[in-house]
Amino acid sequence: MKAKARRRYAVGLREALKFVKVHKVSSLLLAPDLEAVEARGGLDDTVGALIKESSKQGQEVPVIFGMNRRKLGRACLRKVPVSCVAIMNAQGSDETYKSLLNLATELRQQYKERLDKEMEKLVAEDSGISSLKNTGVKSSTPLDFSGGEPPVSRASSVLSLQVPS
C-alpha cells in the first residue's frame, strides 16, 4: 500500500488562486515581468486578487517577486514561461526554502531603506528649489519659463508619476 504523495507546488495564476482560497499555500513566487492587462478581469485584476487573497484571514502567505517568467518556467521543468508558482509543501528542501524566505525579507528591507533614502533626497532637492524661489536668491543656472509651464521638480514627478516636461 503506497502513501499518497502531497502536492508540492501549483503552477499558474488560476491554480495558485484556487489553492490560496482553500489555505493550502505556504508561499507564492510571482514573475515581475507579467504583461499589463488593465481591462476588467485582466491579468492585473487576477494578480491583485491573488495578492489580496493571500493576505486575507490571517493567513499571511509571503509573496515573492523573483525570476522572470521564462526562468520560473525552467525552474519548474516546463518548456513554457510560467507567471506564478504556489508552494504548498516545502518538505525535503526545508533549508533552501527557509533561506529563500530569509533572503526575500532581507532584500525587501534593503529596498525599503533605499527607497526611503531616495525619497528623502528628492524631497530635500524639492525643498531646496522652493526655498530658492521664496528667498529671491538667483541660482547659477538661469530658469527659462518661456515654454509655458514651469518645470516639474523630480520629487513631485516621482510621487505623482508624471514625466517632467
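1. Asparagine 89, once its neighbours within four places in sequence are left aside, is in contact with Arg6, Arg7 and Arg8. This residue lies in the loop that runs between strand 4 and helix 4 (94-135), and in this predicted model asparagine 89 is buried, with a relative accessible area of 10%. Its side chain also reaches the backbone nitrogen of glutamine 91, at 3.1 Å.

2. As to the overall layout, the chain holds five helices and four strands, and from the N terminus on these elements follow the order β-α-β-α-β-α-β-α-α. Of the 165 residues in the chain, 25% are buried. Among the contacts between residues at least 6 apart in sequence, 72% join residues that are at least 24 apart.

3. Helix 2 (residues 43-54) consists of twelve residues and spans 16 Å from its first C-alpha to its last, which is close to the 16 Å expected at 1.5 Å a residue. Within helix 2, the residues Val47, Leu50, Glu53 and Ser54 are buried; they are on the same side of the helix, because the arc they cover around the axis is only 135°. The cover over the buried residues of helix 2 includes helix 1 (13-21), strand 2 (27-30), strand 3 (63-65) and strand 4 (84-87).

4. The largest nonpolar core comprises 17 residues, and those with the most contacts inside it are Val25, Leu28, Leu30, Leu50 and Cys84. Helix 1, strand 2, helix 2 and strand 4 each contribute at least two residues to this core, with helix 1 giving the most, namely five residues. A second, separate core has twelve residues, among them Val11, Ala31, Ile64 and Val82.

5. Leucine 28 deserves a separate look. Apart from its neighbours within four places in sequence, leucine 28 is in contact with Ala16, Val20, Leu50, Ser54, Val61, Pro62, Val63, Ile64, Cys84, Val85 and Ala86. Of these partners, Leu50 and Ser54 are among the buried residues of helix 2, while Ile64 is included in the second core.

6. On confidence, the mean pLDDT of the chain is 76, and 73% of its residues reach 70 or more. Over residues 139-165, however, pLDDT stays under 50, and for this stretch the model has 19 contacts beyond four places in sequence. Where pLDDT is low, the predicted coordinates should not be read in detail.

Note on methods: Residues numbered from 1 in each chain as written. Predicted model: local features only at pLDDT ≥ 70, side-chain atom pairs only at ≥ 80, totals over all residues. Heavy atoms only, no water. Expected span 1.5 Å × (residues − 1). Buried < 20%, exposed > 50% of the residue type's maximum accessible area, 1.4 Å probe, protein only. Arc of directions from axis to C-beta. Contact = heavy atoms within 4.5 Å. Polar contact = N/O pair within 3.5 Å; in protein donor to acceptor, adjacent residues only side chain to side chain. Core = buried A, V, L, I, M, F, W, Y, C linked by side-chain atoms within 4.5 Å. pLDDT = per-residue confidence, 0-100.
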